Amino acid sequence: MNKGIIFCGVGGDGIITASNICALALMRASFDVKKSEVHGMSQRGGSVNAFLVFGKKVYSFLPAKGSLNYMFASEKLEALRNVDYLNPDSKLLVNDRIVPIVGANIDEVQIEENLKSYSLDLKLVNFNDVAKQHNMQKAVNTIMLGYFSKIIEIDKKYFIRAISDNLSPKLIDINIEAFEIGFNLQ
Amino acid sequence: MRKIISGNEAIAIGAYRANASFASGYPGTPSSEILEYTKTFEDIKVQWASNEKSAFEQALGSSIAGRRSFVTMKHVGLNVAADSLMSSSYTGVNAGFVVVVADDPGMHSSQNEQDTRLFAKFAQVPILEPSDAKEAMGFMQYAFSLSEEYDTPVILRSTTRVSHTQELVYFDMHKLGGTEDKLLAKNISKYVLVPKNALLRHKKLLERNTKLQKLTNETPLNRIEQGSLNVGIITSGVSYLYAKELLPEANFLKIGLSWPFPIDLAKEFTKNLEKVIVIEELEPYIEEQLKIAGINNVEGKKFFPQDGEFNLDIVEEGLVKASVLEKRHKKYFEVPKNLPERPPVLCPGCPHRPIFDILHSLKVYVTGDIGCYTLGAAPPLSSIHTTVCMGASISMGYGIAKASQNHKIVSVIGDSTFLHTGIQPLIDAYVNNVAYTVIILDNSITAMTGGQPDAVSGFNIKNEPAPKVDLENLVRSIGIKRVFKVDQYNYKKTKEIIEQEINTKELSVIIATRPCVLAPIKIKETPYFVIADKCIDCKRCLRIGCPAIGYKESKAYIIEDLCTGCALCAEVCPTLAIVKGESNE
């Protein structure tokens with residue numbers, strides 16, 4: 001049975017890179033992988049999502065609603081916007097923060113209540129705070145991936161290799177360190 | 001090799017393996033990354049052109065010189081290169097020549113969703129439609145041989161989902177043997193399309209069609225897959241994947257070479273089937289071909305939309321409507337209604353923002369163009385009134401200025417778009433004495449598509465130093481007298497000049513010179529912050545539409561991580577409540 005992940009967030013906050021590393025890790029773990037994303041206009045601070053489907057043999061790039069097992073969301077409102085891809089068995093990792101929208105009022109309390117109302121397996125952690133504590137503000141998503149690897153139950157060695165293969169040499173060490181911080185987070 | 005690659009990367013690899021040695025194009029989502037990948041192959045001469053027509057003809061020239069060549073563009077780019085396409089169908093080619101066109105169903109980043117298959121039919125050139133990255137690589141490689149064998153340009157049609165989707169592909173980087181470069185073709189009757197020659201070429205083209213008609217019924221690119229149900233599905237591109245996932249037991253006619261359409265094969269396929277369904281994104285191209293040929297037990301658009309992008313849910317709904325699939329009772333959650341939308345916006349520090357803030361305050365009529373700055377139409381800036389296609393700002397501004405002489409008209413256009421198709425209308429405006437103001441937003445890069453260099457950047461696609469066009473000299477050489485350069489970060493001076501020029505009864509050009517904050521270098525200066533005590537809740541800073549400015553408890557605040565230090569908010573704040581430095585709260 002194939003499994004699917006939705007990565008969602010705000011354009012420019014590194015969601016696509018996070019999904020790339022995850023796809024590489026899954027490939028290392030011997031899965032067939034298909035990933036779909038959209039470039040262009042949506043990168044300019046708009047809502048962004050990427051779908052990753054993995055398993056023995058995958059046909060369709062775009063998953064059906066209600067079919068995804070996991071969510072990796074870098075922002076709460078964007079997590080809520082994409083809940084229709086999830087089902088009662090889905091597991092979510094959401095960065096506990098709100099990115100404001102120009103000219104709109106966001107009711108953070110309401111959004112969080114809504115998100116919790118689905119009684120999903122939801123982990124809400126402020127990874128920006130975690131990053132700040134370790135002075136790693138530029139590796140927020142990698143810290144999050146470290147934590148996420150436990151949720152999707154994929155051995156961390158595959159992620160470490162994906163980071164080593166995919167990032168430029170000067171960024172590898174810091175990202176591996178960031179990944180470990182997330183992995184060891186309780 | 002085992003690698004996760006996108007459709008765009010696969011197209012580049014396919015070209016490399018086919019011994020392509022020349023590539024040109026104009027950036028456009030979702031096609032832009034094809035040349036970005038191609039540039040990593042040293043044996044291929046690769047460049048960005050000023051527009052698609054220029055790129056197309058460069059590649060055609062290179063083909064006539066005996067080198068396998070290709071050109072890349074988005075769907076609307078083919079409109080610009082349509083003249084070249086229609087006539088190169090008559091000349092044919094020397095070495096293989098492939099036109100890669102990426103359609104954008106669903107308009108993720110486009111102004112329309114035209115279907116390139118209709119162009120292939122119109123120009124009578126073969127079109128290949130891969131479904132995924134693996135096919136894109138193989139089809140691209142094959143396209144060059146097809147082009148040579150049938151003496152025709154070949155279109156490879158991708159779509160957003162093929163171009164931007166990544167999958168695991170097993171492949172090697174071996175080049176094909178037996179495809180040596182040819183000599184420069186000197187053949188006046190073939191390549192000089194005066195009527196006498198063109199009449200003969202048209203006959204040749206019709207002979208070619210007959211041969212292609214035979215090929216399309218026999219090629220493995222168009223294949224029948226037997227299934228156990230008494231249902232047939234005819235489909236192409238990504239739609240094939242959705243259908244295969246939903247109804248794998250059906251019989252499939254998968255179309256890979258869609259013009260000329262394999263009518264005989266389709267007749268064979270549909271003969272003993274009770275029900276045949278056509279699943280195709282956008283236009284009912286396949287469906288019409290079938291119905292024209294008298295195949296009547298088929299339906300397509302009766303069940304599937306003719307607009308937007310398909311996905312599994314839409315294809316499932318269509319198959320349910322066609323009564324070949326039972327509705328699955330999936331449980332999924334409803335997204336709460338009225339969630340605030342998060343549309344794309346100009347980046348923090350974007351040099352276009354001050355211009356639109358000024359134009360908004362001056363209440364002028366603004367004709368816009370294609371690029372990041374199209375976002376100037378969105379609230380709260382709301383200061384672009386038309387955007388139609390590449391280069392249309394200056395020409396439509398011309399028309400409006402001539403027709404309604406009492407209105408103040410401003411045209412805004414980026415550097416790359418100006419060089420693409422903005423120069424000619426500016427010449428028209430000059431020689432016809434049309435009085436309005438053209439603002440060239442010169443950020444020295446093609447920003448919207450990811451920061452590709454253009455003719456004013458000073459470097460080329462391979463990041464090597466390159467000669468650059470001086471926009472001011474170019475504009476002055478037309479003869480235009482009122483030419484000004486402004487730095488948008490100097491808000492007051494910029495506003496003064498724009499105000500002065502819109503009140504001048506003469507054609508003027510203002511070149512706004514601040515570079516893009518993202519490319520080629522990411523700019524991040526010391527951020528600003530709001531002194532809360534000085535903030536009077538006037539919301540003036542919110543009206544510049546900067547994503548780095550938030551609002552809480554009747555006060556504006558600045559998100560330090562996002563602020564690039566452009567100071568526009570500080571410039572417009574009436575109480576000087578916004579200052580440089582880090583907030584010490």
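Reply: Axes here are lines fitted to C-alpha atoms, for helices over the stretch in contact, and angles run from 0 to 180 degrees between N-to-C directions. The model is a predicted one.

Me: At what angle do helix 1 and helix 6 of chain A pack, and how is that orientation classed?
Reply: Helix 1 of chain A covers residues 15–28 and helix 6 of chain A residues 156–166, and their axes lie 8 Å apart with an angle of about 120° between them. Angles of 65 to 115 degrees count as roughly perpendicular and those over 145 as roughly antiparallel. The two helices of chain A, helix 1 and helix 6, are therefore classed as oblique.

Me: Which residues of helix 1 of chain A make the contact with helix 6 of chain A?
Reply: On the side of helix 6 of chain A, the contact includes A:Tyr158, A:Phe159 and A:Ala162. By class, the contact between helix 1 and helix 6 of chain A holds 7 nonpolar, 2 polar and 3 charged residues. The residues from helix 1 of chain A are A:Asn20, A:Ile21, A:Leu24, A:Ala25 and A:Arg28.

Me: Which element of chain A gives the most to the side that touches chain B?
Reply: In the contact between the chains, 44 residues of chain A meet 45 residues of chain B. Helix 1, strand 2 (32–37), helix 2 (76–81) and strand 5 (86–95) of chain A each supply at least two residues to that side of chain A, which by class has 23 nonpolar, 13 polar and 8 charged residues. With 6 residues, the element that gives the most is strand 2 of chain A.

Me: Is B:Asn338 buried or exposed?
Reply: B:Asn338 is not a glycine, yet its phi is positive, at about 60°, and its place is in the loop between helix 14 (312–321) and helix 15 (352–362) of chain B. Because B:Asn338 has 5 C-beta neighbours inside 10 Å, it counts as exposed.

Me: What is omega for the cis peptide bond that joins B:Trp259 and B:Pro260?
Reply: Most peptide bonds are trans. B:Pro260 lies in the loop between strand 12 (257–259) and helix 12 (263–270) of chain B. The bond that joins B:Trp259 to B:Pro260 is cis, with omega at about -5°.

Definitions and conventions:
Residues numbered from 1 in each chain as written. Chains lettered and ligands numbered in written order. Predicted model: local features only at pLDDT ≥ 70, side-chain atom pairs only at ≥ 80, totals over all residues. Helix = DSSP H or I, 4+ residues; strand = E, 2+ residues; numbered from the N terminus. Parallel < 35°, antiparallel > 145°, perpendicular 65-115°, else oblique. Contact = placed C-beta atoms within 7 Å. Nonpolar A, V, L, I, M, F, W, Y, C, P; charged D, E, K, R; others polar. Buried ≥ 20, exposed ≤ 12 C-beta atoms within 10 Å, placed from the backbone.
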